[in-house]
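Hi,

Here is the structure I promised to pass on to you. Have a look at it first, and my notes follow below.

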Amino acid sequence: MTSTITLTRPDDWHLHLRDGVVLRDVLPHTARQFARAIVMPNLKPPVTTAAMATAYRARILAALPEGMHFEPLMTLYLTDNTSADEIHRAVDSGIVHGVKLYPAGATTNADAGVTDLGRCMAALEQMQALGLPLLVHGEVTDGEIDLFDREAVFIDRVLIPLRRQLPALKLVFEHITTKEAVHYVQEAEGHMGATITAHHLLYNRNALFKGGVRPHYYCLPVLKRETHRQALIAAATSGNAKFFLGTDSAPHPKGLKEHACGCAGCYTALHAMELYAQAFDQAGALDKLEAFSSFHGPDFYGLPRNTDTVRLERTEWRIPDELPMGDSTVVPLDAGQSLNWKFV
Ligand code: NCD
Ligand code: ZN
């Protein structure tokens with residue numbers, strides 16, 4: 001049985017770092033494991049301009065503990081009013097690596113999201129021309145659509161027409177959760193990738209209701225049934241370069257998760273690589289972990305692969321119940337349970 005794995009240092013292609021005191025507490029977890037991360041722009045207010053992204057990047061670097069290395073890859077938050085000029089400024093800044101599409105109201109801090117993609121055409125055409133990727137939260141927000149069908153319906157209603165209009169637009173289908181999304185990405189022509197979280201590889205929707213409501217397994221897009229989880233495992237372990245790591249680690253204070261109207265988001269930055277290793281190990285595919293974690297992402301984004309390495313050891317350890325975060329605490333995924341792999 002393999003007892004250690006050495007990997008090229010991985011990157012996280014979808015991460016929420018928040019800001020202020022929360023940023024200060026969560027950033028070291030990510031920076032310990034990953035060299036770079038695509039940093040989501042859903043702050044309050046959202047990061048909608050190149051100038052705001054530059055300022056946020058500076059705050060992230062200022063929050064990084066002495067001696068740690070980490071490169072934040074910034075994103076803009078697409079709104080109905082994002083202009084082609086702003087896209088130009090983003091590309092010129094050299095620090096913006098994608099533009100995030102949140103359908104209005106789809107998730108945490110998505111109130112300023114896009115109401116109609118038709119309103120963003122000038123920005124999207126400019127992104128296509130300049131090769132700046134669109135990062136898509138792929139769920140419709142139509143209240144008539146069953147919560148568990150929102151991703152599949154998004155493919156038909158939004159993604160297929162969009163890609164017909166802008167076939168050369170670079171696009172990442174973020175945190176995919178269904179077999180429909182896996183098949184769509186596999187078959188898609190052009191420059192298309194998809195990120196997969198560790199929690200969607202490890203859990204199906206039963207985890208949300210095991211013996212009672214389990215708010216720490218609630219994220220968006222929500223966990224789906226087992227057949228979908230199996231399709232995600234098959235995609236992640238296939239070696240197909242379209243699929244790569246994106247934790248979607250999304251910290252919320254404990255009290256807002258354990259709440260009558262709990263926030264969406266799982267906190268996995270603490271133990272991200274251990275969770276992925278567990279999922280790949282269970283699938284008998286540890287040999288596929290490195291390409292998924294460390295090669296496919298930079299190749300998609302046109303960035304160099306990292307050159308240093310990290311190591312995981314087969315050691316059982318217990319995930320803490322909670323961790324300090326700002327003036328509250330955050331509960332990591334699988335708190336109190338044990339993991340078989342440890343990042344050393
Ligand atoms: C994210 C958050 O909390 O910012 N939550 C989540 O459940 N993933 C937003 C998002 O990525 O949808
Ligand atoms: Zn996210």
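Ligand 1 is surrounded by 15 residues, and the closest are Asn42, Thr107, Leu220, Asp248 and His252. Please keep in mind that this is a predicted model. Asp248 has a polar side-chain atom 2.7 Å from a nitrogen atom of ligand 1. On the oxygen side, an N or O atom in the side chain of His16 is 3.0 Å from an oxygen atom of ligand 1, while a polar side-chain atom of His137 lies 3.4 Å from an oxygen atom of this ligand.

Two of those residues turn up again at the metal. The zinc ion (ligand 2) has His14 (NE2), His16 (NE2) and Asp248 (OD) as its protein donors, lying 2.0 Å from it. Along the chain, the spacing of these donor residues is H-x1-H-x231-D. What is the arrangement of the four donor atoms around the zinc ion? It is irregular, because the angles they subtend run from 91 to 142°, and a tetrahedral site would need all angles between 85 and 135 degrees.

Most residues other than glycine have a negative phi, and most peptide bonds are trans. Asp248, in the loop between β9 (243-245) and α9 (254-257), has a positive phi of about 55°. Asp334 has a positive phi too, near 65°; this residue sits in the loop between β12 (328-330) and β13 (338-343) and is buried, with 8% relative accessibility.

There are cis peptide bonds as well. One joins Lys44 and Pro45, with omega about -5°, and Pro45 belongs to the loop between β3 (36-39) and α2 (50-63). Another runs from Leu220 to Pro221, with omega near -10°; Pro221 is in the loop between α7 (198-202) and α8 (226-236).

The largest nonpolar core has 103 residues, and Leu17, Leu78, Leu124, Leu134 and Phe173 have the most contacts inside it. Helix α10 (residues 272-282) gives the most to this core, with seven residues. A second, separate core has 12 residues, among them Tyr77, Ala110, Val172 and Phe244. Beyond its sequence neighbours within four places, Leu17 touches residues including Val22, Val39, Tyr56 and Phe70.

Best wishes

Technical notes:
Residues are numbered from 1 along each chain as its sequence is written. Chains are lettered from A and ligands numbered from 1 in the order in which they are written. This is a predicted model: local features need pLDDT of at least 70, side-chain atom pairs count only at pLDDT 80 or more; totals for chains, interfaces and linings use all residues. Side-chain values use heavy atoms; hydrogens and water are left out. A nonpolar core is a set of buried Ala, Val, Leu, Ile, Met, Phe, Trp, Tyr and Cys residues joined through side-chain atoms within 4.5 Å. Buried means under 20% relative accessible area, exposed over 50%, partly exposed in between (1.4 Å probe, protein chains only). Helices (H or I, at least four residues) and strands (E, at least two) are DSSP runs, numbered from the N terminus. Contact means heavy atoms within 4.5 Å. Donors are N, O and S atoms within 2.8 Å of the metal (3.2 Å for Na, K and Ca); water is not among the atoms, so sites may look incomplete. Four donors count as tetrahedral if all angles lie between 85 and 135 degrees; four count as square planar and six as octahedral if opposite donors are over 155 degrees apart and all others between 65 and 115; anything else is irregular. A residue is near a molecule or strand if one of its heavy atoms lies within 4 Å of it. A polar contact is a pair of N or O atoms within 3.5 Å; within protein, one must be able to donate a hydrogen and the other to accept it, and residues adjacent in sequence count only if both atoms are side-chain atoms.
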